[in-house]
2 protein chains.
Amino acid sequence: MLYFKCKEESKGCEIMSEKKTKKEQSKIQSVARALNIVDILSSNSDGMSLAQISEKMELPKSTVYGLLATLRDFNYVSQDNESGYYLLGTRLFELGNQVARNWDIKDVAFPIMRKLNKQFGETVHLGAEDNGDMLYLEKLESDSLLDISSGVGLRLPMHCSGLGKVLLAEKSPAELKRYIIQKGLTPLTKRTITTQKELEKELARVRKQGYAIDDGEIMEGLRCVGAPIQDANGKVRYAISVSGHIKNMYGKRLDNIIHETIKAADEISKTMITR
Amino acid sequence: MLYFKCKEESKGCEIMSEKKTKKEQSKIQSVARALNIVDILSSNSDGMSLAQISEKMELPKSTVYGLLATLRDFNYVSQDNESGYYLLGTRLFELGNQVARNWDIKDVAFPIMRKLNKQFGETVHLGAEDNGDMLYLEKLESDSLLDISSGVGLRLPMHCSGLGKVLLAEKSPAELKRYIIQKGLTPLTKRTITTQKELEKELARVRKQGYAIDDGEIMEGLRCVGAPIQDANGKVRYAISVSGHIKNMYGKRLDNIIHETIKAADEISKTMITR
DNA sequence: TTAAAAATTCGATAATACCGAACGATAATG
DNA sequence: CATTATCGTTCGGTATTATCGAATTTTTAA
């Protein structure tokens with residue numbers, strides 16, 4: 001399975017420095033440290049030893065030991081039976097799914113997304129903004145084995161995805177500017193929009209059209225159609241997209257996909273409002 | 001959508017008292033308290049105010065406030081824009097999916113589960129033991145709209161599910177006894193096995209057959225076939241099941257489902273070992 | 001407008017998290 | 001097999017830091 005470049009390098013993004021400062025100032029030291037451990041473990045799927053963790057955190061082993069013990073009591077981390085390495089625990093899996101279950105959007109969107117998915121055999125995504133990133137809430141895989149895929153629970157920058165552009169298009173000029181300052185316009189491919197001017201123009205088009213196209217801006221060869229969804233209060237807060245290889249996404253078929261994606265998004269919006 | 005009775009009442013289970021003691025003894029007080037807040041929020045999908053949380057925890061508001069602020073900095077909790085109520089945050093969603101992604105079993109099992117799901121049009125589950133509970137790792141929904149469903153990330157007792165019985169059957173008599181003492185044999189329906197003797201007999205049958213049947217022991221009218229999966233070391237650690245309404249799960253078709261479920265489980269096992 | 005309730009800030013206090021050192025256990029090395 | 005090195009774990013003194021109650025501010029309700 002192929003992931004986007006960004007994969008586990010949510011670290012890579014420069015904004016982290018700013019975030020980290022905030023976290024370090026955080027009220028309760030020990031809690032912040034404990035959650036930092038979780039962050040560290042989340043970037044090492046093979047697990048880490050106590051020594052490794054305490055080295056990375058630049059804290060004495062005994063300190064980290066206590067924090068880890070507490071996290072383990074709550075099943076936020078588990079230990080590999082043989083190696084004794086620490087891993088993320090099942091409670092996080094449980095909680096993550098609980099969070100997902102609380103979002104009413106998923107129940108509404110799922111069947112409609114499935115219809116879209118079957119209709120075209122392409123990957124269908126549901127996403128929302130979270131702290132200036134696109135967060136993927138749901139994904140239905142393409143039929144094609146060559147599934148160029150993101151993943152549920154992963155983040156991507158907003159300015160280069162169909163989903164993201166749809167949501168950015170809703171922002172006021174001031175909000176947009178803040179977004180750019182905060183997040184930057186990092187290119188993922190040579191097609192990625194990297195200037196404010198270009199982005200503004202693109203977003204104006206999105207607003208006019210009522211949908212957004214990502215044309216290889218995340219990944220070469222990947223084209224994707226995003227359409228906005230309104231929540232129960234009529235505010236655009238989600239989006240769906242259909243993505244596939246360029247060779248399946250052009251001409252008449254693309255027009256059809258655009259039309260059906262918008263239709264599906266509208267259907268979801270309507271259901272969200274009238275429930 | 002219908003969930004099992006147990007739904008969000010993971011609280012309901014009496015074992016919690018024992019667990020809580022352990023948690024309260026936990027090394028780092030503030031961390032334990034913070035994670036307790038998460039637990040509390042996870043049982044209130046509508047969110048809670050600071051006052052409510054601090055009341056439930058029997059702690060001063062200012063104490064809880066600091067903990068909440070820290071959790072919020074890490075996006076473990078978020079605040080509803082209007083009400084200001086605290087909710088579980090997106091970071092938990094992110095982490096939960098990360099945990100899932102780290103489990104190699106899912107990648108292997110998914111396509112095979114999908115085949116099973118399409119073949120019979122019934123719900124297919126993947127589960128593992130976690131602290132003496134069945135934890136549902138993956139689920140493919142039935143075609144039928146009347147989908148009697150559990151959910152990914154939810155727990156059920158082991159002694160009454162097809163998945164659970166398959167895994168219990170692997171335990172030594174001593175381990176089984178410990179399970180019973182710790183978890184008890186709580187009935188969910190009048191068909192649920194509630195005595196050690198009966199359970200031992202049932203598990204012997206499961207071992208002999210190589211599969212387990214849950215015949216309305218979780219929910220009246222629900223029948224389900226579970227088969228064991230070995231991990232890369234050859235140890236049975238997972239199971240899959242096919243479940244549906246009794247009216248679709250009997251006679252020749254049931255035999256067929258049993259056969260195919262075992263076949264699928266074996267296929268997954270083989271792939272797990274040879275990779 | 002006033003009152004009531006909730007959220008947030010503040011500061012003194014001592015409880016508690018922290019750290020370094022010491023101890024076992026286990027693995028690696030000669 | 002002996003020795004060293006590494007890792008995880010325990011312990012107790014210390015002062016940092018979480019805690020708590022009261023005061024302040026903000027929001028909501030009347």
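In this predicted model, the protein surface near DNA strand C comprises eight nonpolar, eight polar and four charged residues. Of the 20 residues around DNA strand C, those that come nearest are A:Ser62, A:Thr63, B:Gln29, B:Ala51 and B:Tyr65, a list that draws on both chains. The helices behind this surface can be named as well: α2 and α4 of chain A, together with α2, α3 (50-57) and α4 of chain B, each supply at least two of its residues. Where the atoms of DNA strand C lie within 4 Å of the protein, 75% of them belong to sugar or phosphate, and the rest belong to bases.

DNA strand D is surrounded by 19 residues, and the closest of these are A:Gln29, A:Ala51, A:Tyr65, B:Ser62 and B:Thr63. By class, the surface near DNA strand D has eight nonpolar, eight polar and three charged residues. Here α2 (29-42), α3 (50-57) and α4 (61-73) of chain A, along with α2 (29-42) and α4 (61-73) of chain B, each contribute at least two residues. Of the atoms of DNA strand D that lie within 4 Å of the protein, 71% are part of sugar or phosphate, with the remainder in bases.

| Protein atom | DNA atom | Separation |
|---|---|---|
| A:Ala51, backbone N or O | phosphate oxygen, DNA strand D | 2.9 Å |
| A:Lys61, polar side-chain atom | base nitrogen, DNA strand D | 2.9 Å |
| B:Ser62, polar side-chain atom | base oxygen, DNA strand D | 2.9 Å |
| B:Gln29, backbone N or O | phosphate oxygen, DNA strand C | 3.0 Å |
| B:Ser30, backbone N or O | phosphate oxygen, DNA strand C | 3.2 Å |
| B:Lys61, polar side-chain atom | base nitrogen, DNA strand C | 3.1 Å |

The phosphate oxygens are approached by backbone atoms, as with A:Ala51 on DNA strand D and with B:Gln29 on DNA strand C.

The arrangement of the protein copies can be described by a superposition, in which chain A is laid on chain B with an RMSD of 0.1 Å by a turn of 180° and a shift of 0.0 Å along the axis. The two copies are therefore related as by a two-fold rotation axis. Within chain A, the C-alpha nearest that axis belongs to A:Gly96 and lies 2.1 Å from it. Because 100% of the interface residues of chain A are also interface residues in chain B, the copies meet through the same surface.

Leaving aside residues up to four places away in sequence, B:Ile105 touches B:Leu126, B:Leu137, B:Ile229, B:Tyr238, B:Ile268 and B:Met272. In soluble globular proteins, nonpolar side chains tend to be buried together.

A further buried position is A:Leu168, which lies in helix α7 (residues 162-168) of chain A and counts as buried because its relative accessibility is 1%, against a cut-off of under 20%. With residues up to four places away in sequence again left out, A:Leu168 touches A:Met158, A:His159, A:Leu176, A:Tyr179, A:Leu199 and A:Leu203. The C-alpha atoms of A:Leu168 and A:Val206, which are 38 residues apart along the chain, are separated by 9.5 Å.

Methods. Residues numbered from 1 in each chain as written. Chains lettered and ligands numbered in written order. Predicted model: local features only at pLDDT ≥ 70, side-chain atom pairs only at ≥ 80, totals over all residues. Heavy atoms only, no water. Least-squares fit on C-alpha atoms with pLDDT ≥ 70 in both. Contact = heavy atoms within 4.5 Å. Near = heavy atom within 4 Å. Polar contact = N/O pair within 3.5 Å; in protein donor to acceptor, adjacent residues only side chain to side chain. Helix = DSSP H or I, 4+ residues; strand = E, 2+ residues; numbered from the N terminus. Nonpolar A, V, L, I, M, F, W, Y, C, P; charged D, E, K, R; others polar. Buried < 20%, exposed > 50% of the residue type's maximum accessible area, 1.4 Å probe, protein only.
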